[in-house]
Amino acid sequence: MSRTGQDVSTSLIEELAGLSASPSRRCIFKVDDQFLTVNRKAYLPEIVAIGPYNHNKGNLGRMEEYKKKYVKSLIKREVTKPKPKYKDINTFVETFVADLTALEHEIRASYAEPLSLSKDELIKMMVMDSCFIIELLKRFDDPNLREEDDRIFRMNWMLTSLQRDLILFENQLPFFVLCMLHDMIEGENHVQLVDHAVLFFNGILPGEGNRGLVSGDLKYNYIHLLDLVHDEWLPSFSKACLREDLKNTKGTEKWELIRCVTELQEAGIRIEKNEGTLFDIVFENKTLKIPPLTIEDRTDSILRNLIVHEQYDEYYPHFSFVSDYVKVLDCLIDSPKDVGILRQSGIIVNWKSDDEGVSTMFTDIYESVVGPSKRDFCYIGTFNQINKHCCQRRNRWMASLRKTYFSNPWAIISLFAAAALLILNLLQTIFTIMGYFKH
């Protein structure tokens with residue numbers, strides 16, 4: 001082999017040897033560029049950086065002082081309570097740092113991207129961010145723990161921004177780090193930590209959901225807080241379709257997308273508000289029943305981050321009920337007129353913008369999403385029932401009649417005027433014939 005060939009071989013071998021192992025699907029990823037083309041700001045924190053991906057970003061530095069105050073308050077309360085496990089602040093910090101240092105490799109492996117932080121920088125960040133989150137959850141749950149000058153709870157905008165920022169896809173800590181700190185304070189009571197988190201995030205979710213089935217070692221049940229919110233905000237039908245069942249599903253049922261709300265109404269389908277979780281969309285007795293959805297400033301960001309999480313999760317597309325739900329709305333909403341119908345039916349509660357803004361939001365959210373899967377779409381049965389109704393000849397005729405003659409007031413007036421003219425001509429003909437026989 002020539003010298004050049006040897007150099008190329010050596011270089012290639014070194015590059016291949018230096019490749020890190022492929023990240024686990026249960027990792028904390030960065031958002032891919034394809035999701036950032038429409039609304040990049042939906043994935044960026046407003047006031048607080050959590051974890052390494054947003055660490056030391058200049059516009060988020062102001063919150064670092066709040067973090068320090070929360071960390072000090074948490075540890076001080078822990079070491080001064082009756083019969084404390086740790087004699088002073090130094091002992092607590094040293095114990096937590098030692099525990100985290102022993103797990104440095106596992107912490108780094110929890111992030112899909114290589115981390116440039118040194119060991120000390122990484123561990124310090126984990127201590128600060130995890131203590132801040134645990135203290136925030138505890139203060140939210142127990143107002144007695146809040147200090148009088150706590151601006152986070154005195155200014156509503158700060159709290160709502162924190163709720164949003166803490167479930168951003170890139171703004172996460174490994175959940176086992178939060179569990180480790182919580183164990184030091186409360187003992188191994190992970191259910192309590194989950195309950196605190198669910199309570200904290202419940203107010204920003206745009207509709208009702210069911211809690212998951214809590215079992216096993218919760219330390220590794222969730223990847224991070226976003227994963228916890230996703231798995232604790234479930235449709236009612238998910239209880240019969242747990243992850244392992246969905247993973248083995250081999251559905252082959254064919255289906256097609258449905259029409260928008262306006263066209264469904266033209267086909268004789270009624271639109272009504274439904275009770276239950278946000279995802280419980282059903283079609284029965286010629287009526288499409290949809291639970292209410294509240295749309296506010298954070299809704300777009302929350303839905304986008306949950307959808308991206310599903311796109312990266314190892315169970316996608318088998319457990320993508322948020323993506324599937326948004327696809328249903330994307331089908332139903334083709335124009336501001338469709339939003340108006342849903343709003344007047346009590347299905348959309350719009351606190352954000354006009355009907356056109358809501359219509360644009362759902363179109364944009366789904367622009368870069370892969371799916372829905374032809375096999376695992378949650379609403380296959382509902383879509384097939386709706387399309388079967390719309391394809392019936394009588395319903396097609398009725399839809400055509402409504403579209404042609406009842407689409408606007410002038411068309412209705414013209415129809416009645418033509419009908420009246422036809423009746424008058426008919427009456428005139430009848431009277432003429434009767435007069436002829438009379439004579």
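Contact here means heavy atoms within 4.5 Å. Helices (H or I, at least four residues) and strands (E, at least two) are DSSP runs, numbered from the N terminus. Axes are lines fitted to C-alpha atoms, for helices over the stretch in contact, and angles run from 0 to 180 degrees between N-to-C directions.

This is a predicted model: local features need pLDDT of at least 70, side-chain atom pairs count only at pLDDT 80 or more, and totals for chains, interfaces and linings use all residues. Residues are numbered from 1 along each chain as its sequence is written, and side-chain values use heavy atoms, with hydrogens and water left out.

**Whole protein**

Show everything as a cartoon. The protein has 19 helices and five strands. Now colour by burial. Buried means under 20% relative accessible area, exposed over 50%, partly exposed in between (1.4 Å probe, protein chains only). Of the 439 residues, 47% are buried. Contacts reach along the sequence too: among those between residues at least 6 apart, 73% join residues at least 24 apart.

**Stop 1**

Select 270-273, 282-284 and 287-290. Two strands pair if DSSP finds at least two bridges between them. In which order do the three strands of the open sheet stand? The order is β1-β3-β2, with mixed pairing. From one strand to the next, the twist averages 25°.

Strands of a sheet pair through backbone hydrogen bonds, either parallel or antiparallel. Check both cases here. β1 and β3 run parallel, joined by four bridges. On that side, Ile 271 stands opposite Leu 288 in β3.

Zoom in on the turn. β2 and β3 form a hairpin with two residues between them. Asn 285 in that turn has a positive phi of about 50°.

**Stop 2: α15 and α16**

Select 336-344 and 355-365. Two packed helices are described by the angle between their axes and the distance between the axes. The axes of α15 and α16 come within 8 Å and cross at roughly 105°. That makes α15 roughly perpendicular to α16. (Angles under 35 degrees count as roughly parallel, over 145 as roughly antiparallel, 65 to 115 as roughly perpendicular and the rest as oblique.)

Show the side chains. Pro 336, Val 339, Gly 340 and Arg 343 in α15 meet Asp 355, Glu 356, Val 358 and Ser 359 in α16. The residues of this contact divide into three nonpolar, two polar and three charged. (Ala, Val, Leu, Ile, Met, Phe, Trp, Tyr, Cys and Pro count as nonpolar, Asp, Glu, Lys and Arg as charged, and the others, Gly among them, as polar.)

**Stop 3: α2**

Select 63-80 for α2. Its 18 residues should span 26 Å at 1.5 Å a residue, and its end C-alpha atoms are 26 Å apart, which agrees. (The expected span is 1.5 Å times one less than the number of residues.) Buried residues of α2 include Tyr 66, Tyr 70, Leu 74 and Ile 75. The buried residues of α2 pack against α3, α5, α6, α7 and α8.

α2 and α5 pack at about 70°, with axes 8 Å apart. They are therefore roughly perpendicular to each other. By class, their contact has 10 nonpolar, one polar and seven charged residues.

**Stop 4: α7**

Is α7 largely enclosed or open? Eight of its 10 residues are buried, so α7 is largely enclosed by the rest of the structure. Among them are Met 158, Leu 159 and Arg 164. The buried residues pack against α2, α5, α6, α9 and α13.

**Stop 5: Pro 52**

Pick Pro 52, in the loop between α1 and α2. Is Pro 52 buried or exposed? At 13% relative accessibility, Pro 52 counts as buried. Its contacts include Tyr 111, Leu 115 and Met 125. Finish with a distance: Pro 52 and Glu 113 are 61 residues apart in sequence and 9.7 Å apart in space, C-alpha to C-alpha.

Key
Lists of a residue's contacts leave out its neighbours within four places in sequence.
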